[in-house]
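Please look over the structure below before reading on. The briefing then takes its topics one by one.

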Amino acid sequence: MSLLEVKNLVVEFPSRRGTLRALDDISFSIAPGEILGVVGESGAGKSLTGASIIGLLEPPGRVASGQILLHGQRIDNLPYEEMRKVRGRKIGAIFQDPLTSLNPLYSVGRQLIETITTHLPLNQAQARKRAIDLLKDTGIPAAEQRIDHFPHQFSGGMRQRVVIALALAAEPQLIVADEPTTALDVSIQAQIITLLKSICKDRGAAVMLITHDMGVIAETCDRVAVMYAGRIAEVGPVHEVINHPAHPYTAGLMACIPDMSVDRERLHQIDGAMPRLNAIPTGCAYNPRCERVFDRCREERPDLIDAGATRAACWLHAAQPAQGVAA
Amino acid sequence: MSAVEKHVSALTERSALPAPAGAAPLVRATDLAKTFDVSAPWLNRVLERQPRQLLRAVDGVSFDIARGETLALVGESGCGKSTVARLLVGLYEATRGGFEFDGQDAHAAFKTPQGRQLRRRIQMIFQDPYASLNPRWIVEDIIAEPLREHAIETDPQALHARVDDLLRSVGMSPQDRVKYPHQFSGGQRQRISIARALATQPEFLVCDEPTSALDVSVQAQVLNIMKDLQRQQGLTYLFISHNLAVVRHVSDQVGVMYLGRLVELAPKHTLFDSPRHPYTRMLLDAIPKMHDTGQARTPVSGEVPNPLNPPAGCAFNPRCPHANDRCRNERPVLQSIGGVRVACHAVEEGRI
């Protein structure tokens, strides 16, 4: 059974000029121990998907329909206090900016111990020992002394390690990591990714890794979901999506990334920009920017269809047998 | 893109064309240094007997950029690359060393009335297009400001036409003139910044992380425009970025900085194909490999040391796998070894 299942999730923001649909019919699942990448441009709805799962949607945003199931139990309709117990205990969260996700007024030890005693039946001394162990596991040198330091005394990479320790404090089975390495330098990014991978493998935790960096996805994830304008454009095993993209958007996105091995005078570019939520075109949301658009794309909205090794929301794969899309 | 190119070439005809190749470099930095005084207030220093604290943000950087070429500076946060950018446009005064632009001492010239002429020829593009455009000005005012400031165009009609040309040259519509920055996406805002930078027909553009705040598809659009403009107007760029793939795409030469100093300076292909300095190798190893999925990078241990208290000898020695006693005591200087400029004892001695 899958650990997390999201079924036809719709998230809406009521506004004075009508309701904006920010997530439109999102379905995916994560198996225990699996790392699922969620990739897309700003405004595609990646972070919103993560926020819905951990129950931290900012009002007036709300889940309008659909279900989120953890171990087969619905968590999208839990009361606030119930959800608080799930968050932290069953689902851990790591956010982008490690400086803002830690409280600057409390030592990191106090924050860790608070999280541990909230979720686990341990006393102060046991919790402190566990906090030190967690800091050691996340690779913080001299954890016994560092536990009493404040967030500003840590560097960016070290702070992100503390945030990971916090997310792991109560042994959750699922970790939602929203752009965990975006604020970090490449050398530190490699350290954090390696840490995240090894720690999840050791503890059997599943990860939903939200990022806009295809490189991070490529080396970390088992499967990847590509999002565009509030919908999933393509989902499948990571090497298939990267090497044989079935959706023209995925293909275009991959071609935009400067390649280290070839010299090109110009980069491939996708003209235009992602549509705003109040102006999503009818049919496929990508049709005005798509190189391979045809009549049906402008009229009918595609759902995820089998396209070889992946599933893509693209009419190109409806009639004829699936084939890769050239960039 | 053809429409854009047409308008760009229309602009070019009016601007001065680059000098013939083989001339002196357009930009020459010699032993450029900037030190910030980050001491505690005087009273604290007296009462608590604290010493003065100096932060050497840039500590002796030298490079040349030939006309029409791009030098990229890469390095981790805090290595001093943005300080170099600010020194070159005159936003900071150098503590030591100098910067020559087209044969004249730019830092001396910035202080004289002729400095205004020089400023016209050097412009800057900033990282965050959300912060670098005044939210209360319409696009026309933003782009026309340098033209008015330098009294390049005084006739309102001509000013109008010039703003339209500039907007077209970055692939935007003249109708966007009357809009405010918040009505544009990040990529469009960055193009407005580029249009403003181009308004004075500069020869040298300092670009401080111009695409870091943008998504990849938008980044590709902006990089393409920057390269088109360079080809058509013979622009010279200093391009600062931490993204090595982007640097490899745009640059001719690459300088790698670590803790305020250049550790390696080489032509693009030499640097990426055969990096010499251990830090350069580490940076290249740290790039995620796109097509062999699941392959772990070799993470480098350690972090950039505190610049207030840099290690003795080579600043990279605590993280370097090849460090020996000499590296811990003697600071290596940037010297030509095998055709590239590199500051490393191990490379000099042939150990690596």
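This is a predicted model: local features need pLDDT of at least 70, side-chain atom pairs count only at pLDDT 80 or more; totals for chains, interfaces and linings use all residues.

Residues are numbered from 1 along each chain as its sequence is written, and chains are lettered from A and ligands numbered from 1 in the order in which they are written.

**Chain A**
- Chain A has eleven helices and twelve strands; helices (H or I, at least four residues) and strands (E, at least two) are DSSP runs, numbered from the N terminus.
- The radius of gyration of chain A is 21 Å, close to the 20 Å of the globule rule for 327 residues, so chain A is as compact as a globular protein of that length. The radius is taken over C-alpha atoms, and the rule is 2.2 Å times the number of residues to the power 0.38.
- Of the 327 residues of chain A, 49% count as buried (20 or more other C-beta atoms, placed from the backbone, lie within 10 Å of the residue's own).

**Where chain A touches chain B**
- In this interface, 33 residues of chain A are in contact with 33 residues of chain B (C-beta atoms, placed from the backbone, within 7 Å).
- On the chain A side, α7(A) gives the largest share, six residues.
- By class, that side of chain A has 16 nonpolar, 13 polar and four charged residues. Ala, Val, Leu, Ile, Met, Phe, Trp, Tyr, Cys and Pro count as nonpolar, Asp, Glu, Lys and Arg as charged, and the others, Gly among them, as polar.

**A helix pair across the interface**
- α10(A) packs with α9(B), residues 216-233 of chain B, at an angle of about 50°, with the axes 8 Å apart. Axes are lines fitted to C-alpha atoms, for helices over the stretch in contact, and angles run from 0 to 180 degrees between N-to-C directions.
- α10(A) is therefore oblique to α9(B); angles under 35 degrees count as roughly parallel, over 145 as roughly antiparallel, 65 to 115 as roughly perpendicular and the rest as oblique.
- Gly252(A), Leu253(A) and Cys256(A) of α10(A) meet Val216(B), Ser217(B) and Ala220(B) of α9(B).
- These residues divide into four nonpolar, two polar and no charged.

**A helix pair within chain B**
- α6(B) (residues 139-149) and α7(B) (residues 156-169) pack at about 110°, with their axes 10 Å apart, and are therefore roughly perpendicular to each other.

Terms used. Two residues are in contact if their C-beta atoms, placed from the backbone, lie within 7 Å. A residue is buried if 20 or more other C-beta atoms lie within 10 Å of its own, exposed if 12 or fewer, and partly exposed in between; C-beta atoms are placed from the backbone.
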